[in-house]
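Look at the fold below before you read on.

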Amino acid sequence: MTLALIVLIPFLAAPLMPLAARAGRGVCALAAGLATSLSLVLLLADAPAAFAGADHRWSAAWLPQLGLSFSFAVDGLAFFFAFLILAIGVLIVAYARFYLGPADPVGKFYAYLSLFQGSMLGIVLSDNILLLLVFWELTSLSSFLLIGYWNHLPQSRQGARMALIVTGGGGFALIAGMLLLGEIAGSYQLGDILLQGDAIKASPLYLPALVLILLGAFTKSAQFPFHFWLPHAMAAPTPVSAYLHSATMVKAGIFLLARLWPVLAGTDAWFLVVSLTGLATMAMAAWIACFKDDLKALLAFSTVSHLGLVTMLLGIGTPMAAAAGVLHVLNHATFKAALFMSVGIVDHETGTRDLRRLGGLLWLMPVTGSLALIACAAMAGVPPLNGFLSKELMLEAAAGTTYLGLPWLFPLTAVAGAALSVAYTARLAFVAFVLGPRHELPNHPHDPPVGMWAPVAVLVAAAIAVGAWPGLAEGFVAAAARATTGGALTELHLALWHGFTPALAMSLTATVGGLALFWQYGPIEKARAALPRPEAKRMFDAAFDALVRTAERAIAATHTQVLHHHASVAVIAIAAAAGAWFLLAPHAPGDRAALPATVPAVAAWLVLAVVAAALVLRHRDRLQAVILTSVVGLIVSLTFLQFSAPDLALTQVSVEVVTTILMLLALNLLPKETPAETGAGWRGFDAAVAIAVGLGAGGLAYALMTREVATISAYHVAQSKPAGGGTNVVNVILVDFRGFDTFGEIIVLGIAALAIYALLDSALRGAAARRLAAMRPGEESRDAHPLLLVVATRVLLPLAITAGAYIFVRGHNMPGGGFIAGLVVAIALIMQYMASGYAWAAARARFDAHLMIGGGVLIAGLTGAGAWLFGRPFLTSTFGHLRLPLIGEVELASAAAFDLGVFLTVVGTVMLSLATISRVEERAEGPKPPPPHRAPRPRRRAEAEPARSLVPTEGG
Amino acid sequence: MLLMAELVIAAFILGGAFFLLVGSFGLAKLPDTMRRLHGPTKSTTLGIGCLLIASMIHFLAERGAPSVHELLITLFLFLTAPVSAHMIAKAHILLDRPARRALPDTGQGDGWATLAAPSRTAGETAGRTRQRAV
């Protein structure tokens with residue numbers, strides 16, 4: 001269970017962050033830090049098991065039919081990565097507290113960061129590859145949010161989108177690859193798959209699975225040719241870059257390669273593809289990094305280069321090379337996170353990250369400068385720092401690799417890559433920090449507060465410790481390496497001094513070569529500038545635009561934008577299917593006796609027929625169409641009454657009223673007539689379709705009503721009182737028998753209201769608002785809020801609310817219920833908006849409609865969940881009788897609380913949608929004269945309602 | 001049920017039906033909006049009132065207890081019907097130019113509320129314009 005908690009804590013913490021942010025930035029950072037530390041402590045508790053190689057797993061069924069289970073396991077490798085994620089996570093949380101500016105919403109930042117952290121932990125701890133895929137996609141999504149955190153900057157949005165498209169696209173390939181892998185192994189449990197290495201490598205599906213999985217891993221880890229997204233992701237705030245590109249996001253691909261190493265590595269295909277991709281990425285990215293002037297861009301390409309290095313090591317396929325790869329993951333995470341944070345400090349303090357403008361920072365900010373220089377030395381592989389250890393191992397592995405009969409390819413390229421790495425690191429270190437200042441800086445830089453450089457110091461200390469005393473990290477890395485290689489690695493010994501080996505010579509060559517490159521930087525830069533350079537972003541954008549154009553052409557070729565063509569296709573298809581069924585089926589008449597045709601029934605039927613005919617003739621006049629449609633609604637409610645369904649009749653009437661108000665409000669802003677959209681030919685065709693469908697639907701209704709059909713109604717009627725505790729069957733069905741449906745429906749209602757609010761909010765600003773203002777009717781009444789109407793609605797309000805309360809309370813046993821009561825109360829409140837104006841009513845509304853919707857759904861949900869306390873399924877209802885003095889026996893049903901939730905949601909929904917429309921309307925009509933009958937009382941709430949800026953606020 | 005009660009109920013229903021018919025007839029037949037308004041407001045309200053009284057007597061005679069629903073309905077009706085008529089009349093004044101010309105003088109400083117804002121708010125209107133300019 002604790003294993004699952006490690007992953008779940010960040011997810012649980014994420015929604016709390018915006019709440020914590022209300023208490024202040026420090027509190028929010030503290031909360032995020034506490035959540036991360038809690039996960040870290042739980043993880044450390046599992047350390048002994050992970051180091052001992054014990055099988056520590058936890059599992060719960062999720063969708064066992066699909067092989068998806070909620071299972072987690074920790075071994076050396078998972079522990080290694082999870083530790084990096086959480087330990088560096090704590091440092092990032094602390095650093096971000098001081099990095100983010102006063103204008104940046106911290107709650108949002110920490111919420112996204114927690115989500116991302118949880119997703120990463122999910123990837124490394126999942127014991128089920130389908131679950132791993134879920135978390136894999138979650139990292140793509142949450143990293144999108146993090147990279148696009150500064151969503152007011154275009155490069156942020158573009159960078160975030162590019163990262164999402166590349167990693168998300170790779171995620172698709174990965175899904176296919178993982179499914180193939182699961183098919184081959186016959187199980188989606190990682191533990192089972194890892195035991196079947198030989199069977200998987202022998203399978204004919206091995207190659208496609210390998211290619212697809214590699215696509216997923218390479219896109220995530222920014223391997224050539226998918227490396228281009230990573231530099232653009234640098235538009236994110238620096239804490240995000242430091243986290244995503246040192247310990248987490250890009251390491252997910254590396255983790256996947258390491259995790260599946262026992263089952264995928266060791267074949268020719270693996271070696272040829274993975275090692276060469278890594279080698280090429282390493283050399284190419286290091287070359288580009290040498291010529292970047294933006295410090296973050298330089299670090300970005302250096303990250304790509306180091307990821308290439310690890311990929312190459314995993315690709316070589318020997319256990320020792322894989323161990324070196326794992327070691328370098330640790331080393332890279334420490335020095336790269338430290339460097340990103342240092343660059344963030346430089347940016348923060350000087351206002352620029354441009355190498356051409358920076359210089360001599362070591363003397364201006366000694367603490368940051370020293371820390372950054374040590375981190376640089378680690379990155380360049382200077383002894384006795386940790387980068388040296390992994391560089392030696394890398395060169396040793398490369399020296400022993402023969403690729404396609406070319407013994408010199410790997411050693412030579414590896415030395416070149418290492419030399420370039422030394423060159424760009426030297427450039428970063430010397431130009432920015434050591435050599436004297438060359439230009440005036442935008443701000444006068446000095447060392448930041450301790451909170452900002454302390455995380456860097458911790459990482460640098462780790463880099464020194466691991467380098468100087470390799471034994472410290474040996475057990476940690478060895479456990480991870482053993483898990484990676486599936487036990488093939490027998491012994492790992494890390495040391496600074498291995499004697500005079502070929503690797504040492506290569507390392508010296510690389511260092512000298514790198515410094516020489518730095519010495520001769522000017523001429524080389526000139527020569528390179530003359531070379532043609534492919535611009536990855538432009539190519540990506542062009543490819544993307546081409547895709548969009550193709551999609552648009554395909555849509556234009558296959559779609560029509562005329563709504564009624566869509567509708568007629570659907571209607572004709574349904575009619576054809578039903579007609580075919582009808583022709584194939586027997587046509588015996590029903591045997592149920594018909595009810596007598598009474599005079600009122602015939603009259604109502606006649607009215608319906610006349611109204612329908614009139615609607616067909618007059619439908620272009622919108623006002624008449626609304627009135628005629630409402631007649632249909634009234635007749636329908638009379639029909640309900642006729643067949644003893646007073647509940648439905650009440651509902652129908654109140655829905656009718658609300659709909660009509662909504663329509664009239666909307667019509668005010670629409671042209672009075674709809675334009676003629678169809679020619680005579682189409683109209684004839686449409687008429688034929690309509691008549692055919694009408695006859696079909698009528699026939700169907702006739703056929704059904706003349707037959708005895710067994711329905712569930714009898715059960716509902718019989719069980720209403722004994723099982724549901726109410727005599728009003730309709731209400732008991734709504735709140736009890738089909739309570740889950742109702743619960744879903746109120747959520748949909750709430751979402752619809754919020755969507756109306758969100759869509760219409762844009763009508764209050766900018767071009768849309770101006771267009772609306774231009775639609776003002778020619779002449780308006782000078783008294784927008786007539787005295788008589790204002791007084792009448794205010795007198796009616798308490799009466800209507802009383803009626804609503806009455807309808808609500810009697811609902812369980814008599815016609816009524818939360819839904820109808822909600823509509824009645826909402827109508828009464830809406831009348832205030834209509835009579836006294838939006839501003840007047842909004843200023844007096846004590847309950848926020850958003851709050852009512854949320855509260856209603858919450859109450860209904862909690863009532864349902866309350867059943868769990870008694871060990872019953874969700875929404876099990878109960879009822880009892882209570883004897884109160886004076887009042888007598890009162891029935892208490894848990895369903896009433898649920899009904900209260902329905903009531904609140906309905907009121908909130910109607911209020912929010914109608915009030916939003918009326919607010920748009922008020923804006924469209926410009927400033928109104930003030931309501932003349934303002935009660936002399938102070939404003940209750942000082943909320944900043946945008947509409948009020950147009951309406952003068954006289955003192956009450 | 002008592003014959004007497006039935007007779008009274010029947011009388012009220014018939015009376016109500018008569019007023020409803022007259023109201024509907026007036027709505028259909030009278031020449032212009034202002035006169036047509038009389039039908040659905042006065043006559044029909046009276047007719048429905050008769051029906052509600054009939055209903056009250058019916059339930060009083062049948063159950064022996066007075067029914068208050070009808071009183072509430074009456075209250076709602078008496079509140080809403082005049083207001084609706086008032087609003088229709090105002091809309092008519094606003095939209096129908098000849099009707100506007102035919103309006104008599106109010107006999108006070110202010111004109112018809114629908115057409116001109118009361119002079120009391122004129123100063124405020126000017127103030128608002130300034131406020132918006134800021």
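Are α28(A) and α32(A) parallel or oblique to each other? This is a predicted model, where local features need pLDDT of at least 70 and side-chain atom pairs count only at pLDDT 80 or more, while totals for chains, interfaces and linings use all residues. Residues are numbered from 1 along each chain as its sequence is written, and chains are lettered from A and ligands numbered from 1 in the order in which they are written.

Two packed helices are described by the angle between their axes and the distance between the axes. Helices (H or I, at least four residues) and strands (E, at least two) are DSSP runs, numbered from the N terminus. Axes are lines fitted to C-alpha atoms, for helices over the stretch in contact, with angles from 0 to 180 degrees between N-to-C directions.

| Helix pair | Axes come within | Crossing angle |
|---|---|---|
| α28(A) (563-584) and α32(A) (680-705) | 10 Å | roughly 40° |
| α11(A) (206-220) and α14(A) | 7 Å | roughly 150° |

Angles under 35 degrees count as roughly parallel, over 145 as roughly antiparallel, 65 to 115 as roughly perpendicular, and the rest as oblique. So α28(A) and α32(A) are oblique to each other. In α28(A), the residues S568(A), V571(A), I572(A), A575(A), A578(A) and G579(A) meet D686(A), V689(A), A692(A), V693(A) and G696(A) of α32(A). Contact means C-beta atoms, placed from the backbone, within 7 Å.

Now the second pair. G216(A), A217(A), F218(A) and K220(A) of α11(A) touch V250(A), A252(A), G253(A), L256(A) and L257(A) of α14(A).

Helix α13(A), residues 238-247, is mostly covered. Ten of its ten residues are buried (20 or more other C-beta atoms within 10 Å of the residue's own, these atoms being placed from the backbone). Among them are P239(A), Y243(A) and H245(A). The buried residues of α13(A) pack against helices including α5(A), α14(A) and α18(A).

Finally, the whole chain. Chain A holds 41 helices and four strands. Its C-alpha atoms fill a box of roughly 110 × 75 × 70 Å, taken along the principal axes. Of its 956 residues, 45% count as buried. The mean pLDDT (the predictor's confidence in each residue, from 0 to 100) is 85 for chain A. Over residues 928-956, pLDDT stays under 50.

Definitions and conventions: Contact = placed C-beta atoms within 7 Å. Buried ≥ 20, exposed ≤ 12 C-beta atoms within 10 Å, placed from the backbone.
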